[in-house]
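Thanks for making the time this morning. I would like to walk through a few local features of one model, going slowly enough that you can follow each of them on the screen.

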Amino acid sequence: MTHTTLPRLRVSADGHQLVTETGAPFFWLGDTAWELFHRLTREEARHYFATRQRQRFSLVQAVALAEFDGLTEPNRYGELPLFERDPARPNPAYFDTVDDYIHMAAEHDLYVGFLPTWGDKVAQGLWMSENVIFTPENALIYGRWLGRRYQHVSHIVWILGGDRPVLHDVYDDRPIWSALAAGIRESIPQALITYHPCGGHDGPNGLHDEAWLDMVMYQSGHGSGHDVPIWEWIEADYRRTPPKPMLDAEPNYEDSPVNPWPVWDAALGRFDAYDVRKQTWRGTLAGAPGVTYGHHSVWQFYSPEREPINHADYVWREALERPGANQVQHLRSLLESRPPLLRRPAQELLRSPAGEGGQHVRAARASDGSYAVVYIPCANQTVELDTACISGRQARAAWYDPRTGEYHAIGPCSTGSP
């Protein structure tokens, strides 16, 4: 059977962006579809992929060994992922369905950010630790099995972790993750591998210098309120050596309760499309090769026959069309309309204070001065720019509406898009 193929991804020469194996820029516009393999039928998966393709997503993040009952509740076809909860004994019938969904994604021009397991199956001494099933020995076996199975599938980005730190109290889980990465790389030496951490600035601690880690992920998350300064974390990492791409792989989910742990105070409300825009735009302009969007009902594929997790309030098919999901494509469209590989963080463009929290302004520009992008989060917010560092010519400017993707002229000197 012939399957659609997409070019394999790798890190760009400067270490900050992602490109295809032919050198074409790749903009990471991800979606969190954690329970995709576990909870959807093939018909439902096809609807999901078709919707995200129309909305111009480029990648979906999904988990083989899912967090919620992933070891004990079968998929929609009655199959569990492992025999007797043993990572050294994967169930081929379960992974046949995973295979179908991975190939279905490529048919919709979508890459798959593939998590071999959620982090609760590894992380010792943390919540849900009764799910821990991995050791360095069986992680290597499982990684080898996955590597052999997917060695010819070019549109996978390997994401280890899953909402857990690698260092916690006296526990160091790096030997397990390193063994899993080594097993994958035995059959796929060119595999692009990253790690999805828990929320907060310290999430990726202990990983940057790991030889198997090609890209750094952060999770600005849902538990620290609005306007978590992801831009500070990304720009700081941008200056680290060796350089590695870094991005926010889980900003606030649209319609997620704000700070829902341990008990949600409904007076705090939910994150909305405006919160999504602020986090996705500012994190990306700080130096990231893209960002991952998420909706609180979509990641869990909530439907009425299931118990909602953390107060999910939309059925997942309805949630696919929420405003933020339809607006993040405009970030991709604008940044792909200019040479992406020239883009650099550029707060030096700002003559006025950048501001903090919800008023923080973020700027980026091309390394050759040919263009600049400035995200201003608040209406009627005044920003003064130093256009001399954009180019030696008089700059043209336009407003770009992140809700609609429309340009609006600024003053008489503006003619069309900047």
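Let me begin with strand S15, residues 362-366, where four of the five residues are buried, so the strand is largely enclosed by the rest of the structure. Please keep in mind throughout that this is a predicted model.

What does S15 pair with? On one hand there is strand S14, residues 343-345, which runs antiparallel to S15 and is joined to it by three bridges; within that pairing, Arg344 stands opposite Arg365 of S15. On the other hand there is strand S16, residues 372-375, which pairs with S15 over four bridges, again in the antiparallel sense, and here Ala364 has Val373 in S16 as its bridge partner. S15 and S16 form a hairpin with five residues between them, and in that turn Gly369 has a positive phi of about 75°.

Next, helix H7, which covers residues 273-285 and therefore has 13 residues, reaches 18 Å from its first C-alpha to its last, close to the 18 Å expected at 1.5 Å a residue. Is this helix enclosed or open? Here 12 of the 13 residues are buried, so H7 is largely enclosed by the rest of the structure. If you look through the buried residues, you will find charged side chains listed there, among them Asp275, Arg277, Lys278 and Arg282, together with others including Val276, Trp281 and Leu285. At the start of the helix, a side-chain oxygen of Asp272 comes to within 3.1 Å of the backbone nitrogen of Tyr274, and just after the helix Gly287 takes a positive phi of about 130°.

A separate arginine deserves a moment as well, namely Arg39, which lies in helix H1, residues 36-39. Its relative accessible area is 7%, and because buried means under 20%, Arg39 counts as buried. As for what its side chain reaches, the side chain of Arg39 meets the backbone oxygen of Gln300 at 2.8 Å.

Finally, let us turn to the second largest pocket, which has a volume of about 460 Å³. Which residues lie nearest its centre? The pocket is lined by 22 residues, and those nearest the centre are Asp163, Gln219, His222, Trp261 and Asn310. Taken by class, the lining of this pocket consists of eight nonpolar, 11 polar and three charged residues.

That is where I will stop, and I am happy to go back to any of these places on the screen.

Conventions: Residues numbered from 1 in each chain as written. Predicted model: local features only at pLDDT ≥ 70, side-chain atom pairs only at ≥ 80, totals over all residues. Heavy atoms only, no water. 1 Å grid on protein atoms, 1.4 Å probe; cavity = no way out; pocket = protein on both sides within 12 Å on 5 of 7 lines; lining within 4 Å. Points joined across faces, edges and corners; volume = space filled by probe spheres on them. Helix = DSSP H or I, 4+ residues; strand = E, 2+ residues; numbered from the N terminus. Buried < 20%, exposed > 50% of the residue type's maximum accessible area, 1.4 Å probe, protein only. Polar contact = N/O pair within 3.5 Å; in protein donor to acceptor, adjacent residues only side chain to side chain. Pairing = 2+ DSSP bridges.
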